[in-house]
Amino acid sequence: KLRTMKNIFIIPVIALFLISCETKNASKAVVEQDNTIVVGKKEQIFSDILQEDREIWVHVPESAMDEATETALYPVLYILDGDGHFYSLTGMIKQLSTTNGNTVSPEMIIVGIPNTDRTRDLTPTHVDEMFGDTIFPKTSGGGSNFLDFLEKELIPHIEKTYPASGYKTFVGHSLGGLAVINALVDRPYLFNNYVAIDPSLWWDDQELLKRAEKVFTENNYEGKALFVGVANTMDEGMRIDEVEQDTSESTDHIRSILQFAQAMEALEDNGLNFDWKYYENDSHGSVPLITEYDAVRFLFPWYELKGLNKFFDPSSTTTVDELMTLIDSHYEKVSSNFGYKVLPPEPFINGLGYAFIDDPKTQDKAKALFSMNVQNYPNSSNVYDSMGDCYLAQQDSVKALELFKKALEVGENEYSQEKIDMLTENLK
């Protein structure tokens, strides 16, 4: 069939359809010269606040490289200890947002923030004490300055330089988790979502923990979300129901986090969307990835479009209007949550259209979906080619030819010309 030239693989079953659809421009975002796979770039910015150069790692979604969607905005995820989490987090978000047609997570710009003086930047208070065999640097306690850097320098730079929306998520592990909770306590307006992974709430005799319990009781956090992941850092053989009664130094870390989680659960009417999870089989070092995965599922339950199964049921009497209403209402809800207009992603709608294109009984749904893409993405060559395929499936070669020619007028692609040549030959 002619449309197979577009490299689209679809399995239209009741509960699942998989899409793999990349435009020529999107591919450039991943594969560059010399067949190098690129997931992001490093850049340096000078911080007047910190009085030093700071390196940042930035990943921009592939779809942002497509001229057809060049006006789209993306939520931004800021990750501390960036060089340690950047690769896994960008891969996970890609998997959950586009790979195999997933829409569990939105596509996001990801900003990794490597360290210069980790203890200085990620701790809210100064300590000059020995903990076991470790002496923390005397520079500790620079957390407020670091948040100034984020608020007044880094975030404005990202929002000026990249297609970034104002919707932001802040993620940190260990001392980074401490910094995340410190940000939520002191500057809740700075981010929409906060993810604290095994946070070091034992720091400075639980200073932030004690302050947080008071602040969260007195203030409203409507529209904000916090997810906390807890690793198994107990002594071997100890159970989590035993650790709260323990007083040894070795359990200070997990006891502090559990105390925080329980205090947060006990709060009523402060508006914060809160959840936490204990990972029995993960250590302090292994817990970030699984926590990040669960956090994304927790933070964006409203992003995935559900309710499509009934439209694939052969016995269903669902209508085009019902399908379009479902999609429109869903993305109105997504837009409301993000605070800006979000269009249904072109590849997602395109894949849905092809799932309906073969059966004459459902071709009206396919046509409506392809028409939606034409309306939303008029600068995309691909949407006209897909609409041409729809007319071709309906045996309207003249209209199909018109659409394939329109596709080439809008932009280059590797498949419309082949169809034009084939149809022109057949129409002679």
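This is a predicted model: local features need pLDDT of at least 70, side-chain atom pairs count only at pLDDT 80 or more; totals for chains, interfaces and linings use all residues.

A: Helix α4 covers residues 143-161, 19 residues in total. At 1.5 Å a residue, α4 should span 27 Å. The C-alpha atoms at its ends are 25 Å apart, which agrees. The helix is bent: at Leu-150 the angle is about 35°. Leu-150 is also one of the buried residues of α4.

Eight strands form an open sheet with mixed pairing, in the order β1-β2-β4-β3-β7-β8-β9-β10. β1 (41-47) and β10 (273-279) each have a single partner strand, so one side of each lacks a neighbour in the sheet. From one strand to the next, the twist averages 20°. Strands β8 (residues 193-197) and β9 (residues 225-231) run parallel and pair over five bridges. Ala-196 has Val-228 of β9 as its bridge partner. Helix α5 (residues 175-186) lies across β3, β7, β8 and β9. Its direction is at about 135° to β7 (164-173).

The axes of α2 (residues 82-97) and α9 (residues 287-299) come within 11 Å and cross at roughly 35°. That crossing is right-handed. On the α2 side, the contact residues are His-85, Ser-88, Leu-89, Met-92, Ile-93 and Leu-96. They meet Pro-288, Leu-289, Glu-292, Tyr-293 and Val-296 of α9.

Notes: Residues are numbered from 1 along each chain as its sequence is written. Side-chain values use heavy atoms; hydrogens and water are left out. Helices (H or I, at least four residues) and strands (E, at least two) are DSSP runs, numbered from the N terminus. The expected span of a helix is 1.5 Å times one less than its number of residues. The bend at a residue is the angle between axes fitted to the seven residues ending there and the seven starting there. Buried means under 20% relative accessible area, exposed over 50%, partly exposed in between (1.4 Å probe, protein chains only). Two strands pair if DSSP finds at least two bridges between them. Axes are lines fitted to C-alpha atoms, for helices over the stretch in contact, and angles run from 0 to 180 degrees between N-to-C directions. Contact means heavy atoms within 4.5 Å. A crossing is left-handed if the near helix is turned anticlockwise from the far one by less than a right angle, and right-handed if clockwise.
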